[in-house]
Amino acid sequence: MRNKRFMIYLLGIFITTMILIVFLQYNSNSNINKLIQGNESLMSEFQIIGETQKLETDMLYIESHIYRTVFSKDSSFLEDIGNNEKKVRKILSKLRPLVLTDSTKKLVQELDSLIEVKLEYGHIILDTLFSKGQSAAIATYKSRRKTYVMGDIVHVIDLLNQPQQQYLTKLAIDANQSG
C-alpha cells in the first residue's frame with residue numbers, strides 16, 4: 001500500500017515536472033521569437049536612422065560646396081556636388097521601402113520634396129554664378145535666405161527619427177521586462 005502511494009506521488013511529481021518543462025519551453029520559444037522579431041525591427045530602425053544621417057550629411061556637404069563655389073568662383077567643387085546629389089537620390093530610394101507607417105511615408109515624401117527644392121535652389125545659384133557673375137549669385141542667395149530649406153530638411157529628419165528612437169526605447173524596456 002505504501003509502495004503504491006509512493007509510486008502515485010512519484011508519478012504525480014513526474015507529470016507536474018513534465019508539464020512545467022513544456023510550459024517553460026513554450027515560454028522560452030515565445031520570448032525567443034519576440035526577440036528575433038525585435039532584432040529584425042531594430043535592424044530596420046537602425047538602417048533608417050543611418051540613412052537619414054547620411055542624407056543630412058550629404059545635403060550639408062552639397063550646400064557648403066555650392067557656397068564655396070560661389071564665394072571662391074572655383075568650379076572644381078562642381079563634380080563633388082554632382083556626385084553627392086547622386087548619393088542623396090540613392091539614399092532617398094533606399095529610404096522609401098524602409099518606412100513602416102503611413103505617417104513616416106508622408107514624412108519621407110515631404111523630405112523628398114524639400115530635398116528637390118534645395119537641390120533646385122543650388123542649381124539656380126550655380127547657374128546664376130556662371131551666367132551673371134558672383135554678385136548676382138550672392139544676391140540670389142540673399143533673396144531666398146528667408147526660406148531656409150536645409151533647416152526644414154533637418155527638422156523632417158528629426159521627425160522621422162523620433163518614432164524610431166521611441167521604438168528602440170520600447171524594445172529595451174520589453175527586453176528588460178521579459179528577461
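Visitor: Why is E45 called buried?
Guide: E45 has a relative accessibility of 3%, and buried means under 20% relative accessible area, exposed over 50% and partly exposed in between (1.4 Å probe, protein chains only). E45 therefore counts as buried. The model is a predicted one, in which local features need pLDDT of at least 70, side-chain atom pairs count only at pLDDT 80 or more, and totals for chains, interfaces and linings use all residues. Residues are numbered from 1 along each chain as its sequence is written, and side-chain values use heavy atoms, with hydrogens and water left out.

Visitor: Where is E45, and how far is E45 from L98?
Guide: E45 is in helix α1 (residues 2-72); a helix here is a DSSP run of H or I with at least four residues, a strand a run of E with at least two, numbered from the N terminus. E45 and L98 are 53 residues apart in sequence, with their C-alpha atoms 8.3 Å apart in space.

Visitor: What makes K73 exposed?
Guide: K73 has a relative accessible area of 57%, so K73 is exposed. K73 sits in the loop between α1 and α2. Its phi is near 55°, a positive value in a residue other than glycine.

Visitor: Why are α3 and α4 called roughly antiparallel?
Guide: Helix α3 (residues 102-132) and helix α4 (residues 134-143) pack at an angle of about 155°, with axes 7 Å apart. Axes are lines fitted to C-alpha atoms, for helices over the stretch in contact, and angles run from 0 to 180 degrees between N-to-C directions. Under 35 degrees counts as roughly parallel, over 145 as roughly antiparallel, 65 to 115 as roughly perpendicular, and the rest as oblique. The angle of about 155° therefore makes α3 roughly antiparallel to α4.

Visitor: Which residues make the contact of α3 with α4?
Guide: From α3 come Y121, I124, I125, T128, L129 and K132, and from α4 come Q134, A136, A137, T140 and Y141; contact means heavy atoms within 4.5 Å.

Visitor: How do you know how confident the predictor is?
Guide: By pLDDT, the predictor's confidence in each residue, from 0 to 100. The protein averages 84, and 89% of the residues score at least 70. Confidence is highest in helix α2 (residues 78-98), at a mean of 88, and lowest in helix α5 (residues 149-178), at 76.
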